[in-house]
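Please open the structure in a viewer and keep the selection tool at hand. The tour goes from one selection to the next and says what is there.

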Amino acid sequence: MSWGDELAAWWLQEIASDPAYGDEVMPLALDILQPESGRRYLDLGCGEGRLMRAIGGAGAAVFGCDISGRLARLASRLGPSVVCRLPDLGWVKAGSFDGAYAVLVLEHIGDAAAFFDGVGSVVRGGGVLALVVNHPAFTAPGSGPVVDSMDGEVTWRWGEYLEHGSTEEPAGKNQVVFYHRPLDWLLNTAADAGWGLNRLVERGIAPERADRDPLLDRQRHVPRLLGVRWIRR
Ligand SMILES: C[S@@+](CC[C@H](N)C(=O)[O-])C[C@H]1O[C@@H](n2cnc3c(N)ncnc32)[C@H](O)[C@@H]1O
């Protein structure tokens with residue numbers, strides 16, 4: 001199923017109950033974006049606006065857009081927000097933002113090359129694109145943890161990492177599609193669209209979470225999230 005108001009209900013429950021968002025996703029997003037006071041940012045796939053609150057709190061102006069009307073309406077309490085269907089950004093004035101960010105969104109967009117091109121046309125030269133995605137090691141079809149029955153060590157099965165692919169994951173009563181692209185493709189495609197790599201961060205499970213769960217504890221070494229910051233050339 002593609003995103004819309006049905007999945008919005010699931011996402012609102014998910015984000016309220018999952019400590020990973022506050023412990024892992026949010027700190028990484030802020031670290032990668034480094035929002036500056038007085039700048040204008042576009043939140044691509046803003047959801048109900050949790051990051052808009054944090055970034056607006058840093059003194060920046062934030063505009064949201066999301067495919068779900070329900071989520072865009074909730075986000076509009078935090079800043080101007082509209083319904084959009086990424087990667088189409090033809091409705092945004094060229095070069096009108098100092099930066100844009102997409103957090104846990106690109107893995108749901110079928111045409112990632114068009115996404116990098118589109119964002120490139122709305123961010124001014126020298127502006128920023130910050131991306132947080134589920135790590136490609138994690139999204140590869142067939143990937144997952146393998147527990148060694150002899151000593152309990154957890155290793156990682158790569159699955160079809162080097163291929164492009166997609167998986168359908170449960171989302172409440174529905175399913176949501178995750179697109180997988182290997183890391184080299186992601187970085188080369190961004191470079192081809194005029195984005196200069198500035199910072200790349202790979203993160204595993206937050207220590208606070210791993211400390212509470214023996215199975216997660218044994219997966220501390222597995223990358224879960226990827227954060228990338230690019231500068232518009
Ligand atoms: C996992 S949620 C993340 C929400 C938000 N970025 C956050 O970090 O709280 C994914 C979001 O992307 C939105 N989305 C998915 N596909 C989209 C598309 N093609 N265009 C715009 N938004 C989309 C969903 O509606 C949802 O709000």
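The stops below cover aromatic rings, charges over rings, and the surroundings of the ligand. The model is a predicted one, and residues are numbered from 1 along each chain.

**Stop 1: aromatic pairs**

A pair of aromatic rings is described by the distance of the centres and the angle of the planes. With ring centres required to lie within 6.5 Å, the count here is eight aromatic pairs. Select Trp10 and Trp11, which make up a tilted pair with 6.2 Å from centre to centre and 55° between the planes. Are these two residues buried or exposed? Both Trp10 and Trp11 are buried.

Together with Trp10 and Trp11 they form a cluster linked by ring pairs. Keep Tyr21 in mind, as this residue returns at the ligand.

**Stop 2: Phe63 and Phe97**

Select Phe63 and Phe97 next. Their planes stand at 75° and their ring centres are 5.5 Å apart, so this pair is edge-to-face; the angle needed for that class is over 60 degrees.

Colour the two residues by accessibility. Phe63 has 23% relative accessibility and therefore counts as partly exposed. Phe97, with a relative accessible area of 6%, is buried. The cut-off for buried is under 20%.

**Stop 3: charges over rings**

Arg40 lies over the face of the Phe97 ring, 4.8 Å from its centre. Then move to Trp195, where Arg232 lies over the face of the ring at 5.1 Å from the centre.

**Stop 4: the ligand**

Select the ligand and the residues around it. There are 17 such residues, and the nearest are Tyr21, Gly45, Asp66, Leu86 and Val103. By class, this shell holds 13 nonpolar, two polar and two charged residues.

- Tyr21: a polar atom of the side chain is 2.5 Å from an oxygen atom of the ligand.
- Asp66: an N or O atom in the side chain lies 2.6 Å from an oxygen atom of the ligand.
- Val103: a backbone N or O atom is 2.9 Å from a nitrogen atom of the ligand.

To finish, show the surface of the ligand. On its own the ligand has 590 Å² of accessible area, and the protein covers 97% of that.

Methods. This is a predicted model: local features need pLDDT of at least 70, side-chain atom pairs count only at pLDDT 80 or more; totals for chains, interfaces and linings use all residues. Side-chain values use heavy atoms; hydrogens and water are left out. Rings of Phe, Tyr and Trp (its six-membered ring) pair if their centres lie within 6.5 Å; planes under 30 degrees apart count as stacked, over 60 as edge-to-face and the rest as tilted. Buried means under 20% relative accessible area, exposed over 50%, partly exposed in between (1.4 Å probe, protein chains only). A charge sits over a ring if NZ of Lys or CZ of Arg is within 6 Å of the ring centre and within 35 degrees of the ring normal. A residue is near a molecule or strand if one of its heavy atoms lies within 4 Å of it. A polar contact is a pair of N or O atoms within 3.5 Å; within protein, one must be able to donate a hydrogen and the other to accept it, and residues adjacent in sequence count only if both atoms are side-chain atoms. Accessible areas come from the Shrake-Rupley method with a 1.4 Å probe; for residues, only the protein chains shown count as cover. Ala, Val, Leu, Ile, Met, Phe, Trp, Tyr, Cys and Pro count as nonpolar, Asp, Glu, Lys and Arg as charged, and the others, Gly among them, as polar.
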